Amino acid sequence: MKLLKKYFAVLLPAVVCGCSGFEHKPDPQYAATYPPERSEAPAVLSGGIYQASYQPGATLYLFEDVKPRHIGDMLTVILVEETSASKAAKTATDKSSSVDISNPTLLGSPLQFNTPNALPLQSHTGNGLGTSIEAQRDFSGGGNASQSNSLSGRVTVTVAQVLANGNLVIRGEKWLKLNQGEEYVQISGMVRPADIRSDNTILSTQVADARIAYTGKGAINDSNVMGWLARFFASALFPF
């Protein structure tokens with residue numbers, strides 16, 4: 001009974017800490033960017049079209065599509081990622097060598113002599129100088145690897161920075177909490193305003209320096225992870 005109490009005393013804090021840590025912590029690299037606060041300008045009625053209270057973020061575009069232009073504006077990225085790669089390698093080497101030296105003859109008779117008993121020979125009497133050596137080495141190796149990935153969906157991000165050439169630095173994430181875990185889709189990169197469609201969307205293949213991450217945690221994700229002991233036997237640290 002005392003032993004069970006000790007086990008519960010050790011496991012209970014770990015379970016509590018594990019449950020409390022199952023909360024989403026936003027990554028600053030993909031955190032949403034909010035527009036800067038506007039400074040209130042005094043309203044002056046000058047009778048002209050443009051007033052002193054004009055704000056860049058409140059511009060009304062009558063003859064063009066509404067596209068993100070300022071920090072904090074939103075943009076929807078359509079994920080159409082699909083990659084496929086394969087690689088195969090095969091190596092084979094073979095080397096053999098042989099040396100044969102016959103016993104010399106002296107005055108028409110082959111040489112024979114006795115050897116000390118300390119030498120590891122089958123016979124220590126009537127030996128000659130004939131020698132024969134053979135060696136053969138074979139090596140064969142092969143490998144085959146293939147991988148394919150597909151990712152589709154939509155993620156709405158915000159403009160984090162407007163570059164000098166007009167390109168937009170975007171970043172954002174989508175967090176999904178399901179019954180058996182959590183899933184995250186994170187994306188960042190640069191886009192050209194000219195590539196943005198009329199419905200304020202852009203394909204992920206048109207995002208420069210794109211960094212797309214699809215991860216998760218929970219029971220389903222843990223079941224797909226190899227244990228630490230199995231990872232050791234599958235790593236380069238295992239000598240056999």
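**Exercise 1.** Is S96 buried or exposed?

*Solution.* Start with the cut-offs: buried means under 20% relative accessible area, exposed over 50%, and partly exposed in between (1.4 Å probe, protein chains only). S96 has 55% relative accessibility, so it counts as exposed.

A quick note on what you're looking at: this is a predicted model, where local features need pLDDT of at least 70, side-chain atom pairs count only at pLDDT 80 or more, and totals for chains, interfaces and linings use all residues. Residues are numbered from 1 along each chain as its sequence is written, and side-chain values use heavy atoms, leaving out hydrogens and water.

**Exercise 2.** Which residues does S96 touch, not counting those up to four places away in sequence?

*Solution.* Next, look for contacts, meaning heavy atoms within 4.5 Å: you get A135 and Q136. Now check E134: its C-alpha atom is 7.7 Å from that of S96, though the two are 38 residues apart along the chain.

**Exercise 3.** How many salt bridges are there, and which side chains meet?

*Solution.* Look for a side-chain nitrogen of Lys or Arg within 4 Å of a carboxyl oxygen of Asp or Glu. The count comes to one: R192 and D195, at 2.8 Å, N to O.
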